[in-house]
Amino acid sequence: MPFHQQLHHHAAATPDKPAFIIDGKVRSFAELENRSQLFWAYVASLPGGRKELPILNRVDKVVALDLGNHLLFPELFVGATRGNNVCAVLDPKMLPSQLQDILTRLRPDLIVTETTSTSVADIARRMGFNVETADAFVKPRQGNPPADPKQPPETEDGTFLVNFTSGTTSQPKAYSRSRAAWRASLARGVPLFGLQDAPATMCPGALAHGLALYSLAETLHSGGTFHTVKQWNADLVANALSRGDIDRLVAVPTMVSALAERVSPPSPVFPSIRDVLTAGAKLSSKHVALMRSMFPQARIMEYYGASELGFVSVSTVHPSDPETPIGTVGKAYPGVEISVRRSEQMLGDETAGTIYVKSDLICDGYLWGDDGKAFRVDSSGATVGDIGELKPNGALTVMGREGGMLITGGFNVYVSEVEAVLKNIAEVDEAVVLGVDDAYLGTRLVAILCGSFEGGKGILEEAGKSLPRYKIPRDLYRTSSWPMTTSGKIARGKIAELLQDGQYDSIELTT
């Protein structure tokens with residue numbers, strides 16, 4: 001059943017059930033259905049039609065939402081994607097130059113912002129675009145057409161979403177997704193993630209990014225209640241989880257670590273959580289230990305994917321599981337075929353190469369920004385340039401991106417492998433490995449760490465038990481906090497800048 005028809009069904013069957021709760025503010029399925037219908041009718045009444053853009057397939061209007069985790073975001077997102085319309089979800093934390101470039105290229109028929117003073121609102125007014133604030137749609141306004149009681153027609157394979165790869169200084173790439181791809185993904189996720197009984201889900205990430213946006217969609221699609229917070233706050237999330245009415249937590253590993261710092265496991269714990277799903281970065285054994293102490297009843301799962309590829313693999317994490325050990329990211333998501341290749345030649349098991357995917361979950365492509373180095377599609381399938389290897393049983397190990405390989409002293413090193421070893425040392429909470437210029441080695445490995453360690457000698461000795469000498473960082477630096485992207489990932493580019501500026505204290509290696 002199409003997504004919007006599914007929501008229509010839930011609104012009829014359970015009209016008073018909460019569809020989403022943001023910072024404690026509740027909206028029911030009936031309210032979601034009614035307000036999204038009103039918004040769709042308003043968008044349909046706007047003059048003009050679509051401007052031609054590459055790969056936007058069977059599209060009437062384009063609506064851009066610049067709202068962050070605003071209470072009205074779910075209603076407006078659902079309304080903006082009804083019929084044959086497309087919703088472009090903007091990240092309010094993008095730079096003004098990035099936002100202006102996006103609007104220039106996208107030319108949306110309507111832009112909805114949180115207030116009249118946002119960067120997007122200022123830019124859009126100067127460019128002559130149609131701008132409204134979200135509050136304008138809280139109640140039907142005079143002159144708004146009434147909601148059509150019939151579901152608006154929509155195509156099977158038309159585009160419904162434009163989203164953007166994360167970027168802090170570079171221009172984000174715009175990619176689009178078809179309705180058919182998300183329908184297939186949502187349908188397969190129901191049995192896989194245990195959504196048959198409509199569990200309540202907390203995902204505290206930014207709705208402008210794929211993890212939280214998809215979590216919102218799959219929760220509403222299943223008839224469950226979606227919980228989030230306007231801004232990430234570990235204390236608010238801990239309080240929400242403590243109420244006992246949330247069944248699932250979807251988060252990036254850094255959020256799990258931050259949550260653990262607030263609640264000091266093993267007490268208190270959250271026994272009502274039956275599932276924890278992570279993505280965005282590889283789980284370490286310490287992350288798993290933290291989750292087992294905080295969520296004693298939970299099934300722990302992680303998935304590997306990409307904005308452009310959709311789901312690729314998924315794993316249920318079991319202690320010492322020989323089938324899918326913690327070092328892997330599990331086996332192929334239903335309907336997905338994974339291969340590892342070098343120059344289009346398929347490689348054997350446990351041989352490192354570029355990860356390729358064939359599935360019907362892959363994005364339509366880039367609207368702009370395609371440099372041929374990130375997302376690529378050829379006869380082998382689609383890839384974002386990640387390097388990995390397959391185990392004989394089909395479990396996938398991801399070593400890093402093609403650009404994440406460093407050559408030091410003539411040896412190839414994937415920094416993700418080194419980081420994984422460092423993060424599994426008891427006194428190290430988080431680690432980022434970078435390369436700096438070196439006259440002798442070409443590139444010297446350095447690591448920025450946070451944790452309870454004193455000196456660095458013990459860390460290097462422990463790392464040496466798992467890594468050959470050429471993979472061990474030559475210099476260690478200490479930090480107590482990490483710059484983060486809006487998607488909840490560590491901002492590696494910013495760390496490199498801070499390191500170059502001498503902002504990190506060196507760790508003594510002789511003690």
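The buried residues of helix 9 are Pro-253, Thr-254, Met-255, Val-256, Ser-257, Ala-258, Leu-259, Ala-260 and Val-263. In this predicted model, helix 9 spans residues 253–263 and is mostly covered, with nine of its eleven residues buried. The cover over these buried residues is supplied by elements that include helix 8 (234–242), strand 11 (248–251), strand 12 (275–278), helix 10 (285–294) and strand 26 (428–438). The points below turn to the whole protein and then to individual residues.

**Overall fold and dimensions**

- The secondary structure of the protein consists of 13 helices and 29 strands. The radius of gyration is 23 Å, close to the 24 Å that the globule rule gives for 511 residues, so the protein is as compact as a globular protein of that length.
- Taken along the principal axes, the box filled by the C-alpha atoms of the protein comes to roughly 75 × 50 × 45 Å.
- When contacts between residues at least 6 apart in sequence are considered, 66% of them join residues that are at least 24 apart.

**Burial, surface and charge**

- Of the 511 residues in the protein, 55% are buried, and helix 9 is an element in which nine of eleven residues are buried.
- The protein exposes about 21,300 Å², and 51% of this area is supplied by carbon and sulfur atoms.
- The side chains of the protein include 50 positive and 57 negative ones, and the centres of these two sets lie 2 Å apart.

**Aromatic residues**

- The structure holds 13 aromatic pairs.
- One aromatic cluster is formed by Phe-160, Trp-182, Phe-193, Tyr-214, Tyr-303, Phe-311 and Tyr-333.

- Val-26 belongs to strand 2, which covers residues 25–28. Val-26 counts as partly exposed because its relative accessibility is 39%, a value that falls between the 20% limit for buried residues and the 50% limit for exposed ones.
- When neighbours within four places in sequence are left aside, the residues in contact with Val-26 are Pro-18, Phe-20, Ile-21 and Glu-31.
- Val-26 and Asp-360 are 334 residues apart along the chain, and their C-alpha atoms are separated by 35 Å.
- Asp-23 sits in the loop between strand 1 (18–22) and strand 2, and it is partly exposed, with a relative accessible area of 40%.
- The phi angle of Asp-23 is near 50°, which is a positive value in a residue other than glycine. Most residues other than glycine have a negative phi.

- Lys-61 is located in the loop that runs between helix 2 (29–45) and strand 3 (62–66). Lys-61 counts as buried because its relative accessibility is 6%, and buried means under 20%.
- The C-alpha atoms of Lys-61 and Ser-36 are separated by 15 Å, while the two residues are 25 apart along the chain.
- Arg-107 lies in the loop between helix 4 (96–106) and strand 5 (110–113), and its phi is near 50°, a positive value in a residue other than glycine.
- With a relative accessible area of 40%, Arg-107 is partly exposed, whereas Lys-61 is buried.

How values were computed. Residues are numbered from 1 along each chain as its sequence is written. This is a predicted model: local features need pLDDT of at least 70, side-chain atom pairs count only at pLDDT 80 or more; totals for chains, interfaces and linings use all residues. Side-chain values use heavy atoms; hydrogens and water are left out. Helices (H or I, at least four residues) and strands (E, at least two) are DSSP runs, numbered from the N terminus. The radius of gyration is taken over C-alpha atoms; the globule rule is 2.2 Å times the number of residues to the power 0.38. Buried means under 20% relative accessible area, exposed over 50%, partly exposed in between (1.4 Å probe, protein chains only). Contact means heavy atoms within 4.5 Å. Accessible areas come from the Shrake-Rupley method with a 1.4 Å probe; for residues, only the protein chains shown count as cover. Lys and Arg count as positive and Asp and Glu as negative; His and the chain ends are not counted. The place of a charge is taken as NZ of Lys, CZ of Arg, CG of Asp or CD of Glu. Rings of Phe, Tyr and Trp (its six-membered ring) pair if their centres lie within 6.5 Å; planes under 30 degrees apart count as stacked, over 60 as edge-to-face and the rest as tilted.
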